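Dear colleague,

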Amino acid sequence: MGVITDNLDIWSEALVGTLVLFFAGGALALILGIIVGAMRVSPVPIARGVGTFYVSMIRNTPLTLVFFAFVFALPPLLGLRLTGDVSLTLGICALGIYTATYVAEAIRSGVNTVPVGQAEAARALGLTFGQVMSLVVLPQAFRSVIPPMVSVFIALLKNTTVAAGFSIVNLGSVRNYLSERGENAFVVILWIMVAFVALVLLLSWVQRTLENRWRVAR
């Protein structure tokens with residue numbers, strides 16, 4: 001335990017960094033993913049084309065390259081000075097925009113589980129596409145996408161370690177800092193693994209809770 005108790009300043013800062021990347025990136029991914037997912041099932045050909053292009057381009061690009069684009073290529077174009085806060089913000093954007101493609105596909109798969117007749121009945125009542133999606137389709141689709149959606153967010157949590165290679169403090173960068181203090185790298189990595197396992201187990205508990213609650217609602 002000495003590797004933790006003797007370096008609480010680094011561990012606490014790294015944990016906060018990981019949680020900020022996860023929650024902020026997850027919120028961005030969820031909002032953007034819902035929009036793109038709706039575009040993917042839109043009756044408007046242009047919207048479907050834009051949604052398909054976005055998913056195909058971003059999802060098939062390695063996350064590391066997305067980080068390179070945001071952290072190194074974008075700041076000069078925008079005239080930004082690469083400070084710690086700017087790097088963190090750009091890292092959140094990179095994670096959110098990348099993860100949104102997987103959220104969109106999970107949403108699309110959930111939408112496909114809703115009987116077509118319900119959407120047709122809603123349109124027959126005069127509801128617009130936006131109203132059909134928000135009032136009829138998406139509330140039912142979310143029930144079926146809880147397991148794949150949690151899997152997406154578990155992947156997002158683990159992907160936060162990629163930010164360590166771009167000078168963004170998180171659990172993935174702890175080993176480098178503690179190596180400078182003479183700590184055993186292997187022991188540090190084991191404790192990082194323990195931290196991620198604990199966080200993933202927490203997400204799995206959230207998944208089970210939501211599934212049980214929504215199963216009763218049915």
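Three helices, α2 (8-40), α8 (146-159) and α10 (185-217), each contribute at least two residues to the lining of the largest pocket. Please keep in mind while reading that this is a predicted model, and that the values below were computed from it.

Among the elements around the largest pocket, α2 supplies the largest share of the lining, namely five residues. The space in this pocket comes to about 400 Å³, and of the 15 residues that line it, Leu30, Met149, Val150, Phe153 and Leu210 are the closest to its centre. Sorted by class, the lining of the largest pocket consists of 14 nonpolar residues and one polar residue, with no charged residues.

The second largest pocket holds about 260 Å³ of space, and its lining is made up of 13 residues, of which Val111, Val116, Ala119, Arg123 and Val137 lie nearest the centre. Here the elements that give two or more residues to the lining are α6 (116-124) and α7 (129-144), and α7 gives the most, with four residues. By class, the lining of the second largest pocket has 11 nonpolar residues, one polar residue and one charged residue.

With best wishes

How values were computed:
Residues numbered from 1 in each chain as written. Predicted model: local features only at pLDDT ≥ 70, side-chain atom pairs only at ≥ 80, totals over all residues. Heavy atoms only, no water. 1 Å grid on protein atoms, 1.4 Å probe; cavity = no way out; pocket = protein on both sides within 12 Å on 5 of 7 lines; lining within 4 Å. Points joined across faces, edges and corners; volume = space filled by probe spheres on them. Nonpolar A, V, L, I, M, F, W, Y, C, P; charged D, E, K, R; others polar.
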